[in-house]
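Work through the following exercises with the structure in view, and try each task before you read its solution.

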Amino acid sequence: MDVSNAAQAAASSTLAVSGALGTGLIIAAVAVVALLIGAFWFGMRRRDKELPPPRADEQPIPPAHRSHIQQENVHGEDRFPDDGHALSPYELGERDTGTTPPESDRPRD
């Protein structure tokens with residue numbers, strides 16, 4: 001049995017596998033780069049089709065009056081004790097999850 005021929009055959013098969021693997025990796029890398037370039041090109045084409053952003057003189061004019069009205073969420077009397085001690089559960093009283101209606105309607109701006 002000739003050991004040198006077996007070693008040479010194993011080395012040549014290893015080189016063939018690593019060569020095929022290297023070639024496959026190069027092809028995969030080229031494909032990924034081509035996909036990235038294509039995605040960038042496609043994004044630039046879509047961006048070119050969009051309308052340009054409005055100029056400063058085309059911006060909407062803000063309203064003269066206040067458009068947001070902040071309402072307070074009143075849940076009752078939430079005060080700390082005057083002497084600073086912590087309240088016990090039986091001292092808390094009845095608490096609802098709903099809001100209490102305001103005592104009077106304030107005029108809106």
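**Exercise 1.** With which residue does E58 form a salt bridge, and how far apart are the closest N and O atoms?

*Solution.* In this predicted model, E58 pairs with R55, and the closest N and O atoms of the two lie 3.3 Å apart. Because a salt bridge requires the side-chain nitrogen to be within 4 Å of the carboxyl oxygen, this pair qualifies.

**Exercise 2.** Find which residues are linked in a network of salt bridges, and state how many salt bridges are counted.

*Solution.* Begin with R55, which also forms a salt bridge with D57, where the closest N and O atoms are 3.4 Å apart.

**Exercise 3.** Decide whether R55, D57 and E58 are buried, partly exposed or exposed.

*Solution.* The cut-off for exposed is over 50% relative accessible area. R55 has a relative accessibility of 52%, so it counts as exposed, and D57, at 60%, is therefore exposed too. E58 has a relative accessible area of 43%, so it is partly exposed.

**Exercise 4.** Describe the chain as a whole, starting with its helices and strands.

*Solution.* The chain contains 1 helix and 0 strands. Of its 109 residues, 0% count as buried, and the chain exposes about 11100 Å², of which carbon and sulfur atoms supply 61%.

Key: Residues numbered from 1 in each chain as written. Predicted model: local features only at pLDDT ≥ 70, side-chain atom pairs only at ≥ 80, totals over all residues. Heavy atoms only, no water. Helix = DSSP H or I, 4+ residues; strand = E, 2+ residues; numbered from the N terminus. Buried < 20%, exposed > 50% of the residue type's maximum accessible area, 1.4 Å probe, protein only. Areas by Shrake-Rupley, 256 points an atom, 1.4 Å probe, with all protein chains shown as cover.
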